[in-house]
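Here are a few friendly notes to read alongside the model. Keep the picture open as you go through the points.

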Amino acid sequence: MASDQVRSFRESLKDDLPPSNAKGPLEAHWHVGKGRLAKALELIDRDASKDAAWVRAHLHRRKGEKAEAAKWYERAGRSPSQQTVDQEWDSIAAGLLLHI
């Protein structure tokens, strides 16, 4: 079930390293959850996928950079989130976990 996967992924934030199955945007998103925004950005900086743009939008939203976030939501093909930052983190995790 997706909610169990998200719960497990969120629990992994207690660890020093991301889960071994977390690659690409999912790994970057894990680092966002840890507050390692520079590391997350480094991981997705050259990734032109919509998933990477979604993570990047969330990263900029978390930093309070609304205009920059809006640009990345558009690249991701998504509207800016109306959820809380933590709820959005879970929603993105759920979406990305579907790809592994």
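1. One term comes up below: two residues are in contact when they have heavy atoms within 4.5 Å of each other. Please also bear in mind that this is a predicted model.

2. Let's begin with the overall fold. The protein chain has 6 helices and 0 strands, and reading along the sequence gives the pattern α-α-α-α-α-α. The radius of gyration is 12 Å, close to the 13 Å from the globule rule for 100 residues, so the protein chain is as compact as a globular protein of that length.

3. For the extent of the chain, look at the C-alpha trace, which spans about 30 × 25 × 20 Å along its principal axes. Among contacts in the protein chain with a separation of 6 or more, 46% are between residues 24 or more positions apart.

4. Now the surface and the inside. Of the 100 residues, 37% count as buried. The accessible surface of the protein chain is about 5,900 Å², and carbon and sulfur atoms make up 49% of that surface.

5. Where is S12 found? S12 sits in the loop between α1 (2-11) and α2 (25-34). Is S12 buried or exposed? S12 counts as buried because its relative accessibility is 7%, which is under the 20% cut-off. Leaving aside neighbours within four places in sequence, S12 is in contact with L17, P19 and W30.

Key:
Residues are numbered from 1 along each chain as its sequence is written. This is a predicted model: local features need pLDDT of at least 70, side-chain atom pairs count only at pLDDT 80 or more; totals for chains, interfaces and linings use all residues. Side-chain values use heavy atoms; hydrogens and water are left out. Helices (H or I, at least four residues) and strands (E, at least two) are DSSP runs, numbered from the N terminus. Buried means under 20% relative accessible area, exposed over 50%, partly exposed in between (1.4 Å probe, protein chains only). The radius of gyration is taken over C-alpha atoms; the globule rule is 2.2 Å times the number of residues to the power 0.38. Accessible areas come from the Shrake-Rupley method with a 1.4 Å probe; for residues, only the protein chains shown count as cover.
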